[in-house]
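Thank you all for coming; I would like to take a few minutes to walk through one model with you.

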Amino acid sequence: MEEYRRPYYALFSAVTKAIEEMELGNFGIAKALLVKGQQTAEEIYIQFQYGEDAFEVLL
């Protein structure tokens, strides 16, 4: 169950912040927050599945 919690919370946090920025009309910032949130969630999931040095193997 842990494998989805941390990525979910990272993405949820990014979405929440992006919505706040959209309400202020800052769509570029909102997009950047969403992209960063997606990347962070993916990194957390990959590290959970393959270990801390997963990115060294992938590079």
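Let me begin with a term: helices here are DSSP runs of H or I with at least four residues, and they are numbered from the N terminus. The mean pLDDT of the protein is 88, with 85% of its residues at 70 or more. Confidence is highest in H2, at a mean of 94, and lowest in helix H3, residues 54–58, where the mean is 58. Where pLDDT is low, the predicted coordinates should not be read in detail.

Turning to helix H2, this element covers residues 27–50, 24 residues in total, and reaches 34 Å from its first C-alpha to its last, close to the 34 Å expected at 1.5 Å a residue. Tyr4 itself lies in helix H1, residues 2–23, and counts as partly exposed because its relative accessibility is 43%.

Next, the surface. Leu11, Val15, Ile19, Met22, Phe27 and Leu34 form a nonpolar patch there, with about 480 Å² of accessible area together. H1 and H2 each supply at least two residues of this patch, but the largest share, four residues, comes from H1. Among the members, Phe27 sits in helix H2 and is exposed, with a relative accessible area of 54%.

Finally, which aromatic pairs does the structure hold? There are two. In the pair of Tyr8 and Tyr9, the ring centres are 5.7 Å apart and the planes stand at 65 degrees, so the arrangement is edge-to-face. In the pair of Tyr8 and Phe12, the centres are 5.9 Å apart and the planes are at 25 degrees, so these rings count as stacked. Tyr8 and Phe12 are separated by about one helical turn because they are four residues apart in helix H1. Together, Tyr8, Tyr9 and Phe12 form one aromatic cluster. As for their accessibility, Tyr8 is partly exposed at 46%, Phe12 is partly exposed at 48%, and Tyr9 counts as exposed at 54%.

How values were computed:
Residues are numbered from 1 along each chain as its sequence is written. This is a predicted model: local features need pLDDT of at least 70, side-chain atom pairs count only at pLDDT 80 or more; totals for chains, interfaces and linings use all residues. Side-chain values use heavy atoms; hydrogens and water are left out. The expected span of a helix is 1.5 Å times one less than its number of residues. pLDDT is the predictor's confidence in each residue, from 0 to 100. Buried means under 20% relative accessible area, exposed over 50%, partly exposed in between (1.4 Å probe, protein chains only). Patches are made of residues with over 30% relative accessible area and no salt bridge: like charges are joined within 9 Å, nonpolar side chains (Val, Leu, Ile, Met, Phe, Trp, Tyr) within 5 Å. Accessible areas come from the Shrake-Rupley method with a 1.4 Å probe; for residues, only the protein chains shown count as cover. A salt bridge is a side-chain nitrogen of Lys or Arg within 4 Å of a carboxyl oxygen of Asp or Glu. Rings of Phe, Tyr and Trp (its six-membered ring) pair if their centres lie within 6.5 Å; planes under 30 degrees apart count as stacked, over 60 as edge-to-face and the rest as tilted.
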